[in-house]
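Please read the report below alongside the sequence and the 3D view.

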Amino acid sequence: MLTRRSTLMGAALAALVLATPALAQTSGVDLKLPRQRVDLVAPPFVHPHEQATRQSPKIMEFRMVIEEKKVVIDEQGTTFQAMTFNGSMPGPLMVVHEGDYVELTLVNPGTNTMPHNIDFHAATGALGGAELTLINPGEQVVLRFKATRTGVFVYHCAPGGPMIPWHVVSGMHGAIMVLPRDGLKDGSGKPLHYDRVYYIGENDLYVPRDENGKFKSYDSPGDSYADTVEVMRKLTPTHVVFEGSVGALTGKNALKANVGENVLIVHSQANRDSRPHLIGGHGDYVWETGKFSNAPETGLETWFIRGGSAGAAMYKFLQPGIYAYVTHNLIEAVELGATAHFKVDGKWNDDLMTQVKAPAPIPPKVEGALPAKTTKN
Amino acid sequence: MPLALKFKVALLAAGIAATPVAAATLLADGSRDIAARGAEPALVELRPGSVAYRAAGEFTRAGKIAEAPVVIVRITQPLAIMKTQVSAADYQRCVAERGCKALAAADAREAHPAVQVSWHDANDYVRWLSRRTGASYRLPTDEEWAFAAGSRWHDDGVAIDANDPSRRSLARYERETELKGTVDGTPRPFGSFGANEHGLIDLSGNVWEWTSTCFTRIALDNPAAATVNCGVRVVEGQHRSYVTDFIRDARAGGCAAGIPPSNLGFRLVREPNVLERWFGL
């Protein structure tokens with residue numbers, strides 16, 4: 001409960017922190033742990049990491065620069081005022097191990113127009129770190145939290161009130177994967193290893209239209225705000241896409257794999273429910289709720305990603321060809337854009353599937369054949 | 001009829017007199033450039049000829065998917081085909097005169113193609129234009145389109161391994177991705193994709209064009225057993241595609257794992273009129 005006294009105390013505390021920056025600094029260096037700097041890469045790719053590790057916990061150093069920018073979100077050239085962690089929407093996937101410390105330097109360059117922060121669903125306290133990371137353009141902040149729970153977790157910007165949903169659906173979300181120190185395991189404790197990992201971040205976008213039904217373009221995020229909120233409040237996105245735009249994971253950008261490889265697909269949705277499905281494949285091991293302390297489900301056809309969570313699915317490709325990875329609300333997949341493609345090389349397995357007879361006209365009735373059964377008699 | 005003939009001759013003469021450049025210009029390849037006149041669009045009349053053509057449709061042999069054969073298509077009459085796709089402005093004229101159904105976007109730009117039109121929309125336009133001009137217009141067949149497109153026509157043959165269906169889908173995907181390149185789907189002004197050797201503009205740019213050819217499946221070892229589905233027509237462009245006739249926007253309606261056409265538009269063929277047929281005018 002927010003009383004006048006606590007408000008005053010808060011103000012006093014803030015004044016104290018401001019007056020003694022040295023004190024705030026010292027708390028950051030008392031951890032006598034090795035440090036490792038990690039260079040993040042944009043989705044769908046993931047920075048190099050160990051799956052199981054013999055090393056003792058470390059301080060994992062990350063740096064993310066917030067970038068507000070105009071991007072194109074579909075083939076028709078529709079523009080969008082994006083807010084991004086590190087220039088991509090979603091932001092990059094961060095990977096650490098349980099017991100590691102995540103130390104993030106969050107930078108809000110002076111070229112941006114708004115305050116931003118970050119809320120880690122993997123972190124404990126202070127609104128996931130959001131309270132401690134609100135920075136104006138021209139500022140940066142360093143947050144450290146201990147990765148105490150394993151799994152894949154969403155992070156997102158949460159600068160307060162109506163800014164929260166707007167910043168999130170403008171692109172400010174991503175995911176962190178906290179691996180068990182001894183790696184992933186199936187339900188009976190057998191280690192699971194992936195040959196490739198892809199991070200698919202799903203965006204629901206709400207783009208206003210003009211009186212002729214054409215998508216509007218804006219010069220700054222602020223200009224777009226009022227119209228965008230109006231579209232958001234109808235809860236009907238104009239685009240549902242992976243990695244920030246229609247076709248970001250098709251054609252030249254299709255995901256690659258080979259027959260026999262285990263592929264881990266991390267899927268996050270910071271704001272809305274989704275139902276990933278791999279057309280022509282399955283989920284061998286699926287952490288639907290994304291938390292590795294629970295045994296993965298096996299052999300799934302479609303899995304569910306609750307809005308505000310991330311999930312992980314592992315699949316060994318058994319057949320070459322083109323696969324579509326969609327959200328199996330097919331209206332969203334086909335009409336709104338949530339389709340990715342996998343190009344898989346390897347040898348076809350006739351035993352798993354074969355076209356016994358290619359399409360041909362229905363043969364005429366054979367003379368002397370038994371008449372079709374009827375309900376009479 | 002004689003009156004109509006006279007009228008046409010007079011019109012032709014007037015057209016020539018009004019445009020000293022000449023209404024019909026002979027091009028280097030022997031085709032004739034026919035300038036726009038009133039409601040008549042600018043046309044290019046190609047001389048008869050032939051083209052090696054990868055047959056449209058799906059083919060089987062011995063009950064297995066087979067590669068589509070290449071056949072020689074002979075065009076025996078001069079082929080008069082529109083120099084550009086039907087413009088957004090011309091389509092809007094058809095809408096204004098209640099010959100065509102309104103499109104999602106009321107674009108009326110003279111130098112931009114009409115896009116997001118279905119095969120039925122294109123045929124409404126055919127009827128309106130034919131009525132308005134007194135000439136007989138129609139969609140080209142896929143063979144005619146390939147003949148007119150010349151170097152802009154893409155052979156979509158792929159080696160087929162009857163025992164590995166993934167070879168075909170991967171090869172097709174690779175090629176369609178390659179052809180699509182980095183061009184986005186925003187329609188561009190006429191001329192943006194240049195002219196082919198016959199002076200036809202913007203073939204295989206980012207607007208695919210409807211043809212009158214139906215989707216067929218033919219058993220090469222029993223051609224009589226063809227299945228013809230005229231609810232799906234061939235569209236031509238960067239790659240050949242098969243689109244359901246009432247679809248206006250194929251980019252959201254392709255199959256789950258293909259590269260769909262960016263835009264659907266069309267250009268028409270004008271049937272030779274009596275004068276042309278009799279006197280080669």
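The report covers confidence, the chain interface, the cavities and some backbone details.

## Basis and confidence

This is a predicted model, in which local features need pLDDT of at least 70 and side-chain atom pairs count only at pLDDT 80 or more, while totals for chains, interfaces and linings use all residues. Residues are numbered from 1 along each chain as its sequence is written, chains are lettered from A and ligands numbered from 1 in the order in which they are written, and side-chain values use heavy atoms, with hydrogens and water left out.

The pLDDT is the predictor's confidence in each residue, from 0 to 100. Chain A has an average pLDDT of 91, and 89% of its residues score at least 70. Residues 1-26 of chain A stay under 50, and the model gives this stretch two contacts (heavy atoms within 4.5 Å) beyond four places in sequence. For chain B the average is 86, with 86% of the residues scoring at least 70. In chain B the pLDDT is below 50 over residues 1-22, a stretch with ten contacts beyond near neighbours in sequence. Where pLDDT is low, the predicted coordinates should not be read in detail. For the complex, the predictor gives an ipTM of 0.78 and a pTM of 0.85.

## The interface

Chain B brings 32 residues to the contact and chain A brings 31 residues. The size of an interface is often given as the accessible area lost when the parts come together. Here the buried area (accessible area, with a 1.4 Å probe, that two parts lose on being put together, summed over both) is about 2,300 Å², and carbon and sulfur atoms give 54% of that area.

How many salt bridges does the rule find across the interface of chain B and chain A? The rule, a side-chain nitrogen of Lys or Arg within 4 Å of a carboxyl oxygen of Asp or Glu, finds one. A salt bridge joins Lys343(A) and Glu174(B), whose closest N and O atoms are 2.5 Å apart.

## The cavities

A cavity is a set of points, on a 1 Å grid over the protein atoms alone, where a 1.4 Å probe fits but cannot get out; lining residues have an atom within 4 Å of a point. Grid points are joined across faces, edges and corners, and a volume is the space filled by probe spheres set on the points. The structure has three cavities of 30 Å³ or more.

The largest cavity holds about 110 Å³ of space. Its lining has 13 residues, and those nearest the centre are Phe80(A), Gln81(A), Tyr218(A), Ser224(A) and Thr228(A). In chain A, β3 (79-85) and α4 (221-232) each supply at least two lining residues; helices (H or I, at least four residues) and strands (E, at least two) are DSSP runs, numbered from the N terminus. The largest share, three residues, comes from β3(A). The second largest cavity holds about 50 Å³, and its lining includes Gln85(B), Arg188(B), Phe190(B) and Asp202(B).

## Backbone details

Most residues other than glycine have a negative phi, and most peptide bonds are trans. The peptide bond from Pro43(A) to Pro44(A) is cis, with omega near 10°. Pro44(A) sits in the loop between β1 (35-37) and β2 (59-72) of chain A.

A cis bond also runs from Met89(A) to Pro90(A), with omega near 5°. Pro90(A) is in the loop between β3 and β4 (93-97) of chain A. Asn86(A) lies in the loop between β3 and β4 of chain A, and Asn86(A) has a positive phi of about 70° although it is not a glycine.

Note on methods:
1 Å grid on protein atoms, 1.4 Å probe; cavity = no way out; pocket = protein on both sides within 12 Å on 5 of 7 lines; lining within 4 Å.
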